[in-house]
Amino acid sequence: MQLTVNGTTHDVDVEDDMPLLWVLRDELNIKGVKYGCGVAQCGACTVHIDGVAVRSCQTLAADVDGPVTTIEGLGTPDALHALQEAWIEHQVAQCGYCQSGQIMQAAALLSDIPSPTDADIDDAMSGNLCRCGTYNRIRAAVKTAAGKLQEA
Amino acid sequence: MSRIGKIARRSFLVGSAAVVGGVAFGYVMYKRPVANPLLDQVAEGEAALTPYVRVDASGITLITPRADSGQGAYSVQAALIAEELDVELDQIRVDPGMPSPAYYNTALSAEAAPFRSTDDSFAAQSTRGVMDALMKFLGMQITGGSTTVPDSFEKLRLAGAVARETLKAAAAQQTGVQVADLKTARGMVELPGGDTLRYEDLAPIAATLDPVNDVTLRDPSTWRLVGKAMERVDIVAKSTGTQSYGIDFEVEGMVHATVRTNPRRGGGMIEFDSASAEQMRGVQAVVPITNGVAVVANNTWRAIQAANAIDITWADAPYPAEMEEHWQTLSDSFIEDRRDSRMRDDGDVDAALDGAEVIEAEYRAPYLAHAPLEPITATVQVTEDRVDVWTGTQVPRFVQSNVAKLCDMDADQVFVHVLMMGGSFGHRLEDRVVREATEIALQLKGTPVKLTYSREEDMTHNDTRQIAMARGRGTVSGGKVDAFDLGIAMPSVIASQMGRQGFPVAGPDLQIVAGAWEQPMQIPHYRVSGYRAPELAPITSWRSVGASTNGFFHDVFLDELIHAAGADPMEERLRLCWHAPSRKTLEAVAEMSNWGAALGPDKARGVAFCLSFGVPTAEVIEVTNTANGIRIDNVCVAAEVGTVVDPVNFENMVQGGVVWALGHAMNCEITYSDGMVDQQNYYDYEGMRMFQAPVINVRGLENGDAVRGVGEPMVPPAAAALSNAIFAATGQRIREMPMNKFIDFV
C-alpha cells in the first residue's frame, strides 16, 4: 500500500491491521511519533490525517485515507512551527516523551479554535497524558502560540 | 611511551578529590583517587582535563554522568561546568560518558546516614563521611534521591575551573604571556592584545601539563548561568520530535524483541507453546529467558502480537496471592519483634497516653507503578569479546556488572551507552529489561537486539512503590498537640531493591520512617517507630521513596490532632516547628494562599508540611466541594533549596512533582489478584489529566546553606494537603489512598 507522510509517498508492505504507529516507527523510521499505551489512552502517538488529529496506535494502516503529518512535518529545529516556538519559550518539556503528541493535538485544536479558552484547551488536551505533569506550561504555551498565529 | 601513559601515572581526579572532605574510619583507604575513565579513551592530541571535561579537535564535551529522565539533569550538570569553564551552552556537547567509579554519588550517602538533614553535629557530619567512603567503595554511579544538584554543585564547578586554569597554563606556555594576564570567555583564552586561542587548539599542550588544582570558585554574584533561567540543552529536540530516546535507538542489523515473563513476579515458567506464534509474519525466533519467553521479529508490533499468541503455564508467586493477605501482613507487623527503628522518642509517650483521651487513626498507602510514558527498553549486542548496551538507566554501573556476569566477561568488556529516558520516577533504577535483552542477545550472538516492553507487560511487571500502613495515637491539651505516637509498617524497599543487585543491606531501613521521624517539630511527647514487614511483592524506589507514604501518614495524623485541639492548622504547625528555614516555608505558603481569608461557599484549604531529602516543603491546596465531587482549584508550594539553580526548571519540576503526587493520590493503585497485577494500562491507572490539573504557584526559598534537589521533596506533602483540604471542605477524613475509593473527584 501507499502512504503519504509529511509530503513524501512511501510504498509499504505491511499487514492491513498493523497500526499506523508501527508503520511509521518501524517501517519508515519516523520516530517523532511515540508508543505509550497502544490503546488510545495517552495520546503520545497523535498524528494528523488530512489535518485531523488521530491516535496512530488505533488507526490501522489499511484505513489511512489521506496524507499523514507527524511532528517532523509540522516544523523542524530550523523552521519551527509557532507551537514549537511557544513550547521552547515556556520550556514545557521535562522528559519530553509525550510532547510530540501534545503539540500535534494542540495544532489540531488551534486550527479548529484559533483562540481557545482554558476550558477549550482542557477539553481538547485531556486525552494526552503527561506523566511529568507539565500541564500548567502546556496551557500557557498553547495560548502563546494562539496569540502568535492570530497576529500572523 | 605515549603522553597518555604519562598522564595516567599522575592519575589526577580533580573533581571529586578536591571536594571530598573530612575524616572518618575506613576513609583513608578509599580516598586514593580512582583512575580517570576518560584517559582510557584519549588519543594523542586530546586532553581529558578532568572526568567531566573532554576537549579535542572536534570540540568541547561536558560529561554529565547523572542520567536525564526529564528532570533536566544534563542541562544543570552542563551549566555548572560551563559556569567556571567559560563556555556557553550552545558551544558544547553533552555526553553521559561511560560508567565509572569516578562518578560515584556522594550526596546519596547523606540521605542514607541516620541523621536528620537539619542536624549539623559532629556525629552527623562524620557519619556522612563514612557513608561517602562506602559509596566510593561501591562505586555507586546512581541517579536518584534528588541528589544530582547537591552532588554536582561544587564538584562540577571545580571541574570546570580546573579545566579552565589548565587551559590558561597551556596558553601561557604557548605564548609566553603570564597566566595572570590571560582571560577566558566563550571557549577561548584571550591574550592582552585581543587575540584569542580556542580551547580545542590548546588541548594538545594542556594534555602535557600537570592540572592546575589550586583554584577558587567564583563568587555567586558573578555567575552567568547558575541561578538564571537557562534554555535546556534538550528543549529544541524535545519540542520538534527529534529527541532520540532508548526506544528510538537503531543500529545496523538490529532485530526487535518483546518478552512475556511470569506475571506472578519472580515465579517460574512451567511450559509454553509457541507453535502458532512462530508461524506469524516477521517472527524470527522464540527463545526462553528467565521466568518467561521472548519473541524476536522484524518489527515491534509483530513481536508483541506473536508474544500474545503464546500459550504459557506459569508457576505460583513467591508472595501472597491476594491483597487482603498483603494488608494482613502489614497489620501483623506492629509488634516488638518487627520493630526496625525508633529514631524519634521525645518525652514520655507511654505516660502521656496512659489514661488520657487518646485519638487513634489508621492509614494505608497502596503499591504504585512508576509507569513513565516511554515503556522500558534496552538494546544489547553480544560479540565474542565485547558487549554493547544502549539503554536509559539510572544505574549504569550495576548494568555493566550484571551484563558482564551474564556474558561471563569482565566489566571492562561491557560498554554501557546511556540514552535519554522518557521518564523514570525510579523505574529505571531496576535493570531487569537489560538482563533480559542480554539473555536474548546471547542466544543471537552478533545480532543487536532491541527489547521493548508492551505497556501491559511494563505495567504488570513493575517493581512498585512499597505498600505501607501506619497507626497513630495522640493526645491534645489546652488547645495544643501534646503527644504524637506514629508507627509505620512496610517491607524494606532498600532490601528488595538492593537484594536484586546482590547487595545484602544490614541494619535498620530508614526509608521505613523517612518523611516522619526527622520532621522538625517540637511535640512534648513525640515518637516514631518503624516496623519492618516481611518481604512481599517486589518493591523499589518510587519518586520520594519512603517519604511518599510517610509524609502522608505523618502530616494527616498531625492535622487530625490539630483539629482535635481546636487549633488553626497553619498556626499550630508554625508553633510546633522549631527549624527556622522550615518555618519560612510555612509562612510563605500562608502568604501565597492568603491563609485565613474567607473563601467562597463549598471551598476550603488544607496545609501540609514535610521535610524530605533535606528540603523543607510546605503546600497549601484549595478545593471546591462541587455537586459532582472534589475539584482541586489551586496549589501553593514553598520549598527551601539553598540555591535555585534554574528558576524555570525549578518551577517546572515543582509543578510536576505536585501533579504526580495528586494524580496518584486521587486514582492510582496497583493490586494483586491470584498473584498477578490487576492494572494493565492507563485506563485503569490514570493519574492526573489536564482538566484536573490545578494552577500551581511556586516559590523557591534560599535561606539554607546547602543546595538541594527538587525531584522528590514536592511529592510527600501533596497528598496530605489534599486530604486535609477535603476534610476542611467536607468533614470527611480520608486516611487511605487512592482517595477516589472514598470520594469523587471532578
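Predicted model: local features only at pLDDT ≥ 70, side-chain atom pairs only at ≥ 80, totals over all residues.
1. Overall make-up. Chain B contains 23 helices and 27 strands. Of its 746 residues, 60% count as buried. Among the contacts in chain B with a separation of 6 or more, 79% are between residues 24 or more positions apart.

2. Domains. Chain B is divided into domain 1 (3-240), domain 2 (246-317 + 376-452) and domain 3 (323-368 + 464-741). Domain 1 of chain B contributes 21 residues to its contact with domain 3 of chain B, which contributes 24 residues. On the domain 1 side, helix α7 (residues 148-152) of chain B provides the largest share, three residues. By class, that side of domain 1 of chain B has eight nonpolar, ten polar and three charged residues.

3. Contact between the chains. On the side of chain B, 51 residues are in contact with 47 residues of chain A. Four elements of chain B, α10 (235-240), α12 (300-308), α22 (647-667) and β27 (695-701), each supply at least two residues of the side that touches chain A. The largest share, seven residues, comes from α22(B). Classed by residue type, the side of chain B that touches chain A has 21 nonpolar, 21 polar and nine charged residues.

4. A helix pair. Helix α8 (residues 155-175) of chain B and helix α9 (residues 199-206) of chain B have axes that come within 9 Å and cross at roughly 80°. An angle of 65 to 115 degrees counts as roughly perpendicular, and α8(B) is therefore roughly perpendicular to α9(B). From α8(B), the contact is made by Thr166(B), Leu167(B), Ala170(B), Ala171(B), Gln173(B) and Gln174(B). From α9(B), Tyr199(B), Leu202(B), Ile205(B) and Ala206(B) take part. By class, this contact of α8(B) with α9(B) has seven nonpolar, three polar and no charged residues.

5. A hardly covered strand. Strand β9 (residues 269-273) of chain B is hardly covered, as the count of buried residues among its five residues is zero. Strand β9(B) is joined by four bridges to strand β12 (residues 311-314) of chain B, and the two run antiparallel. Within this pairing, Met269(B) stands opposite Trp314(B) of β12(B).

Technical notes. Residues numbered from 1 in each chain as written. Chains lettered and ligands numbered in written order. Axes fitted to C-alpha atoms, helices over the stretch in contact; angles between N-to-C directions. Parallel < 35°, antiparallel > 145°, perpendicular 65-115°, else oblique. Contact = placed C-beta atoms within 7 Å. Nonpolar A, V, L, I, M, F, W, Y, C, P; charged D, E, K, R; others polar. Domains from an automatic or database assignment. Buried ≥ 20, exposed ≤ 12 C-beta atoms within 10 Å, placed from the backbone. Pairing = 2+ DSSP bridges.
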